[in-house]
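Q: I am new to this entry and would like to go through it step by step. Could we begin with the overall picture and then turn to particular side chains?
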Amino acid sequence: MSVTSTEAGSARRFWRGGGRFATGLISLLVTLLGLLAFTFMLSHLSPVDPVLQIAGDHASESTYAQVRHDLGLDQPVLMQFWHYIEHLARGDMGISRITNQPVVSDLLRTFPATVELATCAMIFGAFFGISLSLLAAWKPGSIIDNLARMISLLGYSVPIFWLGLLGLLLFYAVLHWSAGPGRLDDIYVYTLEPTTGFVLIDSWLSGDPEMFRNAIAHLWLPVVVLGMLAMAGITRLLRAALLEESSKEYVTLARAKGAGRGRILLLHIFPNVSGTLITVLALSYASLLEGSVLTETVFAWPGVGRYMTTALFASDAPAILGSTLLIGSCFIVLNTLADVLTWLTDPRTR
């Protein structure tokens, strides 16, 4: 009888989890479609005429009409959006008006740079953010706890572009500890073979140690600047979750039994906030992918953020739509993945 009840309970949890996954998938698709529709409609409100961008200001009426027809702008907006969805389903995001290359090719070229920068910044932010949160929860009200709160406050209040400019001024112009903007010096840019698109990996595979050190010299400063944003968010949310968990009865019971504060923190409290930690890490990483726009602009980092900024200034609708869809997809997928991992690791969410 007990086996039957256990099997029935497992089946119910399985179907409940499957239903939740299907609901999450549908929600993801609807959210992506809404994001794409919103961005598409905004692109049509731009005061810049894309026809004049291509044909020129002195184009004749017949040339203007022909270019407008070729772009499909003589059709209703909803029909234009439907045609864009049809092309998108075939992997066609259109042609960028800046590079005259397919947007897919531009994104494949620039996205690895953004992923490399965001991933290294995430590793930096997660390591120091988690360590600082644990130390703050270990001794609440101490100097370390006050330092954690100060870093959280500064990370959210200081504009990242100002921090990047200040870092360039100090570590590049004055101290010469950083190699400056870009991913590599000009002497290496044209000799590096882009095998993976990640400059650290490609420079390592090249067998040239000087090139690899040059890549690190260019990377560390934007990583620290962008990682400060992640560290602030992780420290603030994880510290609050750890302190809240520390006030529960099972912690008081463990202390009454003579368990040490460090043992309780690492073996009891920290595992119980794993769901919060997963969510914080996923959202922080998504924010780094999305928020790397200003960092890439300041450090001349050839990623999706800089590509999208250039497209915005030039009113390049296909490039804007493609970049927005890519970054938005990463944000939504990471958020959904965090929900799935939390559901798998934390039985309280089932």
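A: A definition comes first: helices, of at least four residues, and strands, of at least two, are DSSP runs numbered from the N terminus. Please also note that this is a predicted model.

Q: Understood. How many helices and strands does the protein chain come to?
A: The secondary structure of the protein chain comes to 15 helices and zero strands.

Q: And what does the C-alpha trace span along its principal axes?
A: The span is about 85 × 65 × 40 Å. The protein chain has 350 residues, and buried ones make up 38% of them.

Q: Let us move to charges. How many positive and negative side chains are there?
A: The protein chain has 22 positive and 25 negative side chains. The centres of these two sets lie 19 Å apart.

Q: How many salt bridges does the structure hold?
A: The structure holds five salt bridges. One of them joins Arg109 to Asp106, with 3.2 Å between the closest N and O atoms.

Q: Where do Arg109 and Asp106 sit relative to each other?
A: Both are in helix α5, which covers residues 103-138. Because they are three residues apart there, about one helical turn separates them. Asp106 counts as buried, at 3% relative accessibility.

Q: Which residue forms a salt bridge with Glu116?
A: Glu116 pairs with Arg183, and their closest N and O atoms are 2.7 Å apart. Glu116 lies in helix α5, whereas Arg183 lies in the loop between α7 (160-174) and α8 (186-189), so this pair ties together parts that are 67 residues apart in sequence.

Q: Are Glu116 and Arg183 buried or exposed?
A: Glu116 and Arg183 are both buried.

Q: Which residue does Arg239 meet in a salt bridge?
A: Arg239 meets Asp145, at 2.5 Å from N to O. Arg239 belongs to helix α10 (residues 209-246) and Asp145 to helix α6 (residues 143-157), so the pair ties together parts that are 94 residues apart in sequence. Arg239 counts as buried at 15% relative accessibility, and Asp145 is buried with a relative accessible area of 3%.

Q: Back to helix α5 for a moment. What is Thr110 in contact with, leaving aside neighbours within four places in sequence?
A: Thr110, which is found in helix α5, is in contact with Pro302, Gly303, Val304 and Tyr307. At 3% relative accessibility, Thr110 counts as buried.

Q: A change of topic: how many disulfides are there?
A: The count comes to zero disulfides. Cys120 is in none, and the nearest cysteine sulfur, that of Cys330, is 16 Å away.

Q: Finally, how do Cys120 and Cys330 count by relative accessibility?
A: Cys120 counts as partly exposed, at 21%, while Cys330 counts as buried, at 17%. The cut-off explains this, because buried means under 20% relative accessible area.

Technical notes: Residues are numbered from 1 along each chain as its sequence is written. This is a predicted model: local features need pLDDT of at least 70, side-chain atom pairs count only at pLDDT 80 or more; totals for chains, interfaces and linings use all residues. Side-chain values use heavy atoms; hydrogens and water are left out. A disulfide is a pair of cysteine sulfur atoms within 2.5 Å. Buried means under 20% relative accessible area, exposed over 50%, partly exposed in between (1.4 Å probe, protein chains only). Lys and Arg count as positive and Asp and Glu as negative; His and the chain ends are not counted. The place of a charge is taken as NZ of Lys, CZ of Arg, CG of Asp or CD of Glu. A salt bridge is a side-chain nitrogen of Lys or Arg within 4 Å of a carboxyl oxygen of Asp or Glu. Contact means heavy atoms within 4.5 Å.
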